[in-house]
Structures are given as structure tokens and as C-alpha cells.
Amino acid sequence: MLTVSEVSKSYGGRTLFENVTTTFEPGRRYGLTGANGAGKSTFMKILAGDIEPDTGSVSYPPNARLSVLHQDHDRYADDEVLDVVIMGNKRLYDALTEKERILASGEMDDEIGMRLGELEVVIAEENGYDAEAEAEQILEGLGIDKSLHRRKMRELDPGLRVRVLLAQALFGNPDILLLDEPTNDLDIDSIRWLEGFLERYPGVLVVISHDRHFLNTVCTDTADVDYENIIVYPGGYDDMLRQKVQYRTQVERQNAAKQKKIAELQEFIRRFGANAKKASQAQSRKRQLQKIELVDLKRSNIQRPFIRFDVKNPSGKLVLEVKNVGKSFGDKTVLKDVTFTLTRGEKLAVVGPNGIGKSTLCKIVAGVLEPDKGQVNLGHEVSVGYMPQIHAEGLGDNLDKNAHEWLHQWDDKVTVQEVRGLLGRMLFPSQEAEKPVKVLSGGETVRLLLSKLTLLGPNLLVLDEPTNHLDLESIRALTEALQQYEGTLVFVTHDQALIDDVATCVLELRGERGADFFPGPYEDFLRKTGRAARSA
């Protein structure tokens, strides 16, 4: 059990949460949710012991092993991948390292022999003889090929290093597991493996994620950071939202009824307080008034952008033809014989492992990159709006412009008021709209790029990882906007809920084996490819 007692934390005079008291139980899996800036990561760091709360305390059971997903992969640059994973159990790794050092020294006496015996006990208690096999299984589940397990960390791509640190956190069956955005840099197959792993995890899990499908699948409970408090609801993210709205609505109605009663009592006291015949009744009303307490409904941290993609000019029925497209970088073939056709209104999800060419295909469809072979043909009156995965590519060179100036440059026919209105709907109030583009946060940058697409009104959207850096409310708003979009869509995302809710067809990239086009929703694709039942 992980116990939180009267914990409070403020930054710069702003209260994130106050007097939080709750427990996290073994066998329960808690999603930690809230708006960007609400204090999720701060609370996670308090649980991990990385920062101290202003007041209150966090306590763990005696001898409980706490495991945290770290992001500091540079510290392991010269260590082998497999060793980094086993380091997740410090007691075991220290015992294995000391045993190896003693045996390598060739020295032996009674004292050393006794020490070796003690180390063998520790190794046995920590299941050390199966450590390498367990580490390999986790690494392979997270998409790290066995050929890389004995490589140095510095030899891996940054995205793979993050996966190794996730494997480190999962290793050795810790009692308490704290994961902040564990699905970052994972492809969908790896996310599905992680879901299965965590569903079997017997300890206390607290996880932050902006992946709604992941939270709904994995979590038995949701701890929501809002209203300067942390409230634990049973169920996944969608369950929490329903309960949260119901509770807020109920309390608002109760407060309204109480306020009406207060007004009635005050009116009676005003009219008859000085009337000797009704003095006792007035005093009774005063006592009733003193007993009525309104629930303090603090302001929510949740802000939701209004996203809407209107098509300025509709396209013809045939929107996009991709014929035998191929692309290589050096000796590596990224795309081979990719062929598909989209008609007006279809919404294509492009899926496949990381590095398989999804972003490359988006660039080719958007006309940013030329294929080595094959053709991309746009239909009649097709206008393309493209959002790249690397946001700097979408922002261009005008980074000293403020958000308002940057957006206005894409359509000088719109008025200043229209641009500011659009920015306001996308959560850029007047002051925020004056910030230089170069200092915008990741979430602000994404909302600005989406604002550009809203302004231009293209009839073919090409979106590469559009949910990166967005909080869950913004992702929900984007999902609804794409569902209602009347144009044609090509998109890449690791957000399974977005694919489930939006895609009408799926293209699976298979590298040297080409690509497969599946008409129908993502659920049909999973069933046809034998992935409907997740395996860990």
C-alpha cells in the first residue's frame, strides 16, 4: 500500500493540490489524469520521493521496492542494454556484479567463500537465475530485437533508449511502479504488449498517460488532479469523466437549491425580523440559515479547445491515388510498392512499427518529399493541409513572429478579429497570442499548427502524430473534429482510441514486404490480422 497523508504543493503562489489524503492499493492500477500544468508530474515526483511536498507525507510498506520510469538514459551510455534492464532491481544487480568481480579476481578463502554464499542467497531471493531471460522477454515485448541486447546504450537510437528505461522500470516485479508517459516512443504493437503486461502486474501501479485507450484498458481506478485536489474514481478514464460530470452536476444543483433556500430565509428575516409577533419565527429562520453550508466548488483546471475543420472547397470524388510508391534512404528500403486509393470522405490510418516509413509516406502524400519510384496523384480540386511530426518543420523560419502574426500570414484576407477569435477558441487568450512562436510549449505549438489547418480549410488533411503534447481534453476535441470533418484524411498516430474512433480504413506498412490496405475500421483490421485478442 502507498499512503498519501495531507499532501499539499504550490508553485509561484498557485496551489496545485491541497491536503490530499488517499491510498493506492496493491493489485489496483491507477491512472493519474488532469490538464497540462495541473500537477500530475509534480505529484508523481512526490510519490517517487524526488521532491518534497509543502505539507504532508508519503509512506510505503517496510522493504517495499519502488520502481520509477526515468528519462536519464545518458547516464547509461557505456552500459550494455541487458545490464541496464537488470539494474532496475538494484539489490540483485549489486549482488550479481559483486559475485562476478569476486570470481574474476581468482581469490578464495573462507571469508570470501562465506561472502559468495551470502550473495547466492540474495540472487536466489531475487530470482536472479532467470534475470536475463526475464529482461530479454520484456525488451522483445517492447520491440527491441535480441540482436541489440548486448549493445551499448549509446549505440541505440534515442527512442529505443527510452524503451530500455521502461524495461528497466518493469523488471523484477517491483512492489510499487510509477510510470510517467510510458507509451511515448512505442508503436501500437508494443503498447498492446505493455497493456497486457500491466494488466497482470500484482503491485501498486500509478501511471500518467495521454493515451485514452491505454488508460481505459489498463486502469482499475483513476486519480484525477483538478479543483486543487486529487480525487480517486473507480474505473478507467471514460468512467472517471462520467462520474466527475455527474458529481459536479449534482453538487451544483444542491448548491442552487440551498441558495434558493438561503434567499427565502433572508427575505423572511428582512421582512419580519423587527416584528415582535414573529420574532421567534425570525430567530428560527436565522438558526436554519446558519446550518446551511454551500459546497466550495473550486474552478476546474480543465480547458478544452474548440477544434473544427471546415472544408472551404470540396474535392472531386477521387481524392488520392498512390501507385507503387517506393522510397529508400541509403541501403535501407523504407517504402516498397505502396498502392492505395482514397475517395472523398475516407479516413485512412497508417500503421506499422516505428521506423517503417509512416512519416515518409505522409511527406510524400503531402508533396514535401519525392518518391524514388511510383506516383502520387491528387484528384480534382484537392487541397492538402499537412501537419508534420517534427513541429519545427511546420513552423518554418518565422519563429520571431508572435502567434497572431504567424497565423495571419497564411491568409491575409481574414480580419485581425477573426484570427484572434480562432486563437481564443484554441486556448490562446490575448496575452498568450502575443508570445513569440519560438517560446511556445509543445502543446501550444500543436494547437497553433491545428489553427493553421482550420484557417486554410483544406479538403485533404495529412496529420503525422497530431496528438503529441496534447492533454486528454484536447485529444478528445481533436478526435471529435476529425470525426465531423467532411474532407478526406490520412493520419499517423499511436493513439489507439483516435484510430478506433476516426479511421474508416487502414494501411499497414510492412517495409520490404510492401503494404496492405484494409477497407473498414481498425477493429476489423485487428480481427483480420489475428490481433483482436491481445497477447503479452
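Helices (H or I, at least four residues) and strands (E, at least two) are taken here as DSSP runs, numbered from the N terminus. On that basis, the protein has 18 helices and 18 strands. Do keep in mind that this is a predicted model.

**Overall picture**
- The C-alpha trace of the protein spans about 100 × 80 × 45 Å along its principal axes.
- Of the 536 residues in the protein, 48% are buried.
- Among contacts with a separation of 6 or more, 68% link residues 24 or more positions apart.

**Helices α6 and α7**
- Helix α6 covers residues 158–170 and helix α7 covers residues 188–199; their axes come within 13 Å and cross at roughly 10 degrees.
- Angles under 35 degrees count as roughly parallel, so α6 is roughly parallel to α7.
- On the α6 side, the residues that meet α7 are R163, L166 and L170.
- Their counterparts in α7 are S190, W193, L194, F197 and L198.
- Sorted by class, this contact has six nonpolar residues, one polar and one charged.

**R161, a residue to look at in α6**
- R161 also belongs to helix α6.
- Although R161 is buried, it has no salt bridge.
- The nearest side chain of opposite charge to R161 is D74, 4.0 Å away.
- Setting aside neighbours within four places in sequence, R161 is in contact with H73, D74, M153, R154 and L156.

How values were computed
Residues are numbered from 1 along each chain as its sequence is written. This is a predicted model: local features need pLDDT of at least 70, side-chain atom pairs count only at pLDDT 80 or more; totals for chains, interfaces and linings use all residues. Side-chain values use heavy atoms; hydrogens and water are left out. Axes are lines fitted to C-alpha atoms, for helices over the stretch in contact, and angles run from 0 to 180 degrees between N-to-C directions. Angles under 35 degrees count as roughly parallel, over 145 as roughly antiparallel, 65 to 115 as roughly perpendicular and the rest as oblique. Contact means heavy atoms within 4.5 Å. Ala, Val, Leu, Ile, Met, Phe, Trp, Tyr, Cys and Pro count as nonpolar, Asp, Glu, Lys and Arg as charged, and the others, Gly among them, as polar. Buried means under 20% relative accessible area, exposed over 50%, partly exposed in between (1.4 Å probe, protein chains only). Lys and Arg count as positive and Asp and Glu as negative; His and the chain ends are not counted.
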